[in-house]
Amino acid sequence: MSEKGYPIKRISIKSKSFVKEQQSIFEKYLVTENLNPKVSVFIGDVMSSLRLIPDETIDCIITSPPYWKQRDYKHSKQLGQEKTYQEYIGNLVEVFNQVKRVLKPFGTFFLNVGYKYQDKELLLIPELLAIELQKSGWALINKIIWYKPNAMPSSFESRLTNVYEPVFLFVKKDSKHKYYFSLDEIRISTNNKNELKNPSEYVGYPVENSIKKNQKLNGIIKNIYKDADGNFLAEILWENKEVSFELLNDFNQESKIEINLYCPKCGFQSKNEFDLEYHKNCDDFPIPSLPEKINLDKITLTLQPSLFDNSLSFQSRSNYNGKFKLSPENRGASPGARKSLFGEYFVIQRRFKVYQSLIADYLRYWREKRKITIKELDKILGYRDTASHWFRKDSGHWGKGGSIPSIEDWSRLKEILQFDDRYDRWITETHLVLQTVKPHPKGKNPGDVWQIKLQPFADAHFAVFPEELVRMCILAGCPQNGIVLDPFAGSGTTGKVAEDLGRSSILIELVPEFLEIIKKRVKNIEQIIYVK
């Protein structure tokens, strides 16, 4: 059945087995290879509609449920007209527990709820709801203040006009150590430019190598070299009299480079760790797209070497005599305090951002292929309860218990498990990172106060989500090609913005009359499902 070109489906929930069948059908629809954004609209009760969505299929949830005692939609199953605000909060908790079921393990949940007054007293409904959700398995990551510079003035002269609403960012409690959040997508550009020195001026700077297992080594930059591609390399004299060459990280880039992966077998490509879920049905491991390897045979000195003083201290250079000198442990996380105490210096870090979940799968494959147990690995390596962490992805899907082998351990594992070399450079390549105070190369963190104007909308008599607010949430919380859910869709703002940003969406709306507004705003509606 169709209605003005829209495919229409009517579902009356009959049994649990019927729900499972419908979930299976909808899951196949969601896992299409067509990456063009598409929209599904459910018209019906939110709890019934959510039952039709399969487990862990949604990347990001953005919603603003009806506020308590604000608007009566004249529907028997509406939320917001409960007798007490405690009952209202309880009903929302039930809905969002069902929402938690459909959210992917690394997914994000942005919730906007407004304040209400009762008998001239401010009710902290948003905060009380947030506390109840924390009790129900949600982890609260941020309370974002949505400041409305064009908020309607209050007619009350005995209190201040309310000009903000909270937007809570939740994730599943088990996944609070690892979830999708792209801060780079919403950074604010600044005019603060890093004052870069001529690389030659870093001759004599201290270097720390703490990446070596069970050994911290100090050194000094002896000379700076340059290769044919313009990369700078430091010649380092270590305190044990050894000499090595390390690539200097571009100071206007992040310290760990995020690389793309591709699979020659199935054609899969990824831009971040969370894309790996789309590769789970392939039996091969993707390959990292790494830059060309530095050729030390084709480097030239950037300046004539001066007489180098081998007696220079191998410790950080600082003549600091400030308040933290006697109690450096109280410096906290202040970069300025660290710089004052320890001066500028370089550290050796892994050059690339390594995806622990993929490495764990890879090592597990080779360990099982070689039929070697974890206990046997520990015994061969001379460890106790260490090797198991390289194969773990526990504690919330991605796992705070998992770890990446050290560079030395990777080499030893390769001898034992005899795996191929596809991840060798990704795991073992390092570079020098300057420890100093500098602005982030991609702009500054926007913070948790967002100034966004209310947005008028002629087709609705009620206030709508400003598109900019939804845009910020989607950019930060939903990966490319991801799926956004709004269980209280209203005029469909979430669907419109998701579509504009190339994301698919699922919209749930109780009131059938709002469907006409959604149709006007959202172009690629692929199906409309009426749920009873």
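The crossing of helices α7 and α8 is right-handed, where right-handed means that the near helix is turned clockwise from the far one by less than a right angle, and left-handed that it is turned anticlockwise. Before I go on, this is a predicted model, in which local features need pLDDT of at least 70 and side-chain atom pairs count only at pLDDT 80 or more, while totals for chains, interfaces and linings use all residues. Residues are numbered from 1 along each chain as its sequence is written, and side-chain values use heavy atoms, with hydrogens and water left out.

Back to the two helices: α7 covers residues 374-381 and α8 residues 407-417, and they pack at an angle of about 120° with their axes 11 Å apart. That makes α7 oblique to α8, oblique being what remains once angles under 35 degrees are called roughly parallel, over 145 roughly antiparallel and 65 to 115 roughly perpendicular. From α7, Leu377, Ile380 and Leu381 meet Arg412, Leu413, Ile416 and Leu417 of α8, a contact being heavy atoms within 4.5 Å. By class, that contact has six nonpolar residues, one charged and no polar.

Let me turn to the interior. Of the 532 residues in the protein chain, 48% are buried, that is, under 20% relative accessible area, with exposed meaning over 50% and partly exposed in between, for a 1.4 Å probe and protein chains only. The largest nonpolar core has 44 residues, and Ile53, Ile58, Phe96, Leu129, Leu485 and Ile506 have the most contacts inside it; such a core is a set of buried Ala, Val, Leu, Ile, Met, Phe, Trp, Tyr and Cys residues joined through side-chain atoms within 4.5 Å. Helix α3, residues 85-102, gives the most to this core, with nine residues. There is also a second, separate core of 30 residues, which includes Ile259, Leu261, Trp366 and Ile416. For Phe96, leaving aside neighbours within four places in sequence, the contacts are Thr63, Pro65, Phe109, Leu111, Leu129, Leu133, Trp138 and Phe488.

My last stop is Lys69, which sits in the loop between β4 (58-63) and α3. Lys69 is partly exposed, with a relative accessible area of 40%, and, not counting residues up to four places away in sequence, Lys69 touches Gly80, Gln81, Glu82, Lys83 and Lys116. Lys69 and Thr84 are 15 residues apart in sequence, and 9.2 Å apart in space from C-alpha to C-alpha.

Technical notes
Axes fitted to C-alpha atoms, helices over the stretch in contact; angles between N-to-C directions. Helix = DSSP H or I, 4+ residues; strand = E, 2+ residues; numbered from the N terminus. Nonpolar A, V, L, I, M, F, W, Y, C, P; charged D, E, K, R; others polar.
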